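Biologist: I would like to learn how to read a model like this one. Please take me through it feature by feature.

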Amino acid sequence: MRIPSSQFQSLETPCYFYDLDLLHQTCEAAQKQSSKFGYHIHYAVKANYNDRILGITRDYSFGADCVSGNEVLKSIEVGFNKADIVFAGVGKTDKEIEVGLNSEIFGFNCESYQEIEVINEIAGGLSKTANISLRINPNVDAKTHHHITTGLEENKFGINVWELDDVLELVHRSKNLKLIGIHFHIGSQVTDLSRYVELCHRVNDIQKIFDDKGIALPHLNVGGGLGIDYVNPIAHPIVDFESFFKVFNQNLEVRHGQEVHFELGRAIVGQCGLLITKVLYEKVGKKKHFLILDAGMTELMRPALYQAEHLITNLSAQHEEHQQVYDVVGPICETTDAFARDLKLPKSKRGDLMAIHSAGAYGQVLSNKYNLRDDVRVVYSDEI
Ligand code: LLP
């Protein structure tokens with residue numbers, strides 16, 4: 001894929017560009033491969049809650065995985081089926097729990113003993129029954145960046161296996177709760193599929209604890225986290241959903257009639273977004289040659305926050321054979337505001353258009369107004 005810069009020449013930068021054709025193709029691939037095994041996908045709204053992106057994921061009949069009351073309300077507003085909305089998150093407020101209950105969503109993924117007590121109490125007050133799944137910490141190392149690892153005992157997420165007896169006793173005596181399943185999530189940007197094999201084995205073991213207690217679980221939610229290719233997104237715009245779902249088909253022991261749910265975010269929307277930016281200035285130091293862009297950590301925070309590396313291409317450079325090593329940085333008054341250090345690029349100059357790839361997930365939604373920046377602009381492939 002070589003993106004013609006003429007397409008972007010008239011755009012005011014910095015701006016997010018979404019390739020909606022690619023998003024459709026990605027959703028189609030995910031749907032096709034998951035439905036082979038009767039699996040259900042809930043799109044992880046947190047990855048990108050932009051209305052048009054949500055609308056497209058909804059059209060592929062994905063459910064919505066939400067982590068705030070506002071995400072629940074937004075998902076309903078854009079037309080997701082209420083019965084396909086899950087509300088997860090380690091710190092749901094009382095008000096958000098009421099939103100979930102009053103919206104008659106599919107259920108809550110619960111992360112602690114105390115949260116379960118509170119949901120039962122609030123549901124009682126509203127004369128409702130809350131469907132709950134227990135998020136269990138599988139203690140599986142996702143082997144991803146430690147800032148986006150969630151499935152280890154040292155992380156704040158989920159209920160530990162050694163807490164289960166107490167939690168199940170609580171659920172048993174809570175009149176306004178119905179236990180409908182168990183939930184797991186090991187972390188994000190997981191590219192080593194063996195991590196999911198290990199997760200399946202843990203889930204199989206944990207299911208036996210419920211079998212022994214005679215507790216049936218209609219739903220198994222194995223989370224999300226499937227990683228994308230940040231190094232070569234042009235060659236791999238769509239992740240290998242086939243291999244991913246096969247891992248579960250081959251390793252997960254599903255009980256008769258049990259539904260298997262996934263919560264994918266990045267793998268669905270990550271590659272369809274580009275951050276388009278212009279070179280403002282070149283600055284040549286003794287040791288460094290800086291390219292200063294008009295986009296910074298305020299538009300795309302991932303490099304500053306997680307040392308994430310995104311492919312950067314110069315859309316204007318004609319002569320790729322003339323290369324130069326640059327530190328590609330943003331305009332924000334922070335040293336961490338850098339997209340790449342010591343990166344070889346075609347010789348670039350003021351006014352050149354640059355694309356920062358794989359910015360569809362956790363890009364626009366993490367943007368902020370630090371330094372009183374403008375709101376980030378957005379443009380879609382069917383508009384230019
Ligand atoms: N389910 C749960 C319980 C999660 O915590 C997450 C992501 C997902 C599903 C979706 O994960 P995905 O399929 O998108 O990997 N801002 C970070 C990623 C944070 C992930 C938070 N949880 C980043 O830019 O890498």
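Modeller: Helices (H or I, at least four residues) and strands (E, at least two) are DSSP runs, numbered from the N terminus. The model is predicted, so local features need pLDDT of at least 70 and side-chain atom pairs count only at pLDDT 80 or more, while totals for chains, interfaces and linings use all residues. Residues are numbered from 1 along each chain as its sequence is written, and side-chain values use heavy atoms, with hydrogens and water left out.

Biologist: Is histidine 172 buried or exposed?

Modeller: Buried means under 20% relative accessible area, exposed over 50%, and partly exposed in between (1.4 Å probe, protein chains only). Histidine 172 has a relative accessible area of 71%, so this residue is exposed. For a sense of span, histidine 172 and valine 376 are 48 Å apart, C-alpha to C-alpha, and 204 residues apart in sequence.

Biologist: How is the packing of two helices described?

Modeller: Two packed helices are described by the angle between their axes and the distance between the axes. Axes are lines fitted to C-alpha atoms, for helices over the stretch in contact, and angles run from 0 to 180 degrees between N-to-C directions. Here the axes of helix 5 (residues 113-125) and helix 6 come within 10 Å and cross at roughly 5°. Therefore helix 5 is roughly parallel to helix 6. Angles under 35 degrees count as roughly parallel, over 145 as roughly antiparallel, 65 to 115 as roughly perpendicular and the rest as oblique.

Biologist: Which residues of helix 5 and helix 6 make the contact?

Modeller: Contact means heavy atoms within 4.5 Å. Helix 5 supplies Tyr113, Ile116 and Glu117, and helix 6 supplies Asp166, Val167, Leu170, Val171 and Arg173. By class, the residues of this contact between helix 5 and helix 6 are five nonpolar, no polar and three charged. Ala, Val, Leu, Ile, Met, Phe, Trp, Tyr, Cys and Pro count as nonpolar, Asp, Glu, Lys and Arg as charged, and the others, Gly among them, as polar.

Biologist: At what angle do helix 1 and helix 2 cross?

Modeller: The axes of helix 1 (residues 20-35) and helix 2 (residues 51-59) cross at roughly 30° and come within 10 Å. So helix 1 is roughly parallel to helix 2. Their crossing is right-handed; a crossing is left-handed if the near helix is turned anticlockwise from the far one by less than a right angle, and right-handed if clockwise. Leu20, Leu23, His24 and Cys27 in helix 1 meet Arg52, Ile53, Ile56 and Thr57 in helix 2. This contact of helix 1 with helix 2 has five nonpolar, two polar and one charged residues.

Biologist: And how do helix 7 and helix 8 cross?

Modeller: Helix 7 (residues 194-212) and helix 8 (residues 241-251) have axes that come within 9 Å and cross at roughly 30°. The crossing of helix 7 and helix 8 is right-handed. On the helix 7 side are Tyr196, Val197, Leu199, Cys200, His201 and Asn204, which meet Phe244, Val247, Phe248 and Asn251 in helix 8. The contact of helix 7 with helix 8 divides into seven nonpolar, three polar and no charged residues.

Biologist: How many salt bridges does the structure hold?

Modeller: A salt bridge is a side-chain nitrogen of Lys or Arg within 4 Å of a carboxyl oxygen of Asp or Glu. The structure holds 22 salt bridges. One of them joins arginine 173 to glutamate 169, with the closest N and O atoms 2.8 Å apart. Both residues lie in helix 6 (residues 164-173), four residues apart, about one turn of the helix. Arginine 173 is partly exposed at 44% relative accessibility, and glutamate 169 is partly exposed at 40%.

Biologist: Which parts does the salt bridge between arginine 255 and aspartate 211 tie together?

Modeller: The side chains of arginine 255 and aspartate 211 meet at 2.7 Å, N to O. Arginine 255 lies in the loop between helix 8 and strand 9 (259-264) and aspartate 211 in helix 7, so the pair ties together parts that are 44 residues apart in sequence.

Biologist: Where does the model have a cis peptide bond?

Modeller: The peptide bond from threonine 13 to proline 14 is cis, with omega near -5°. Proline 14 is in the segment before strand 1 (15-18).
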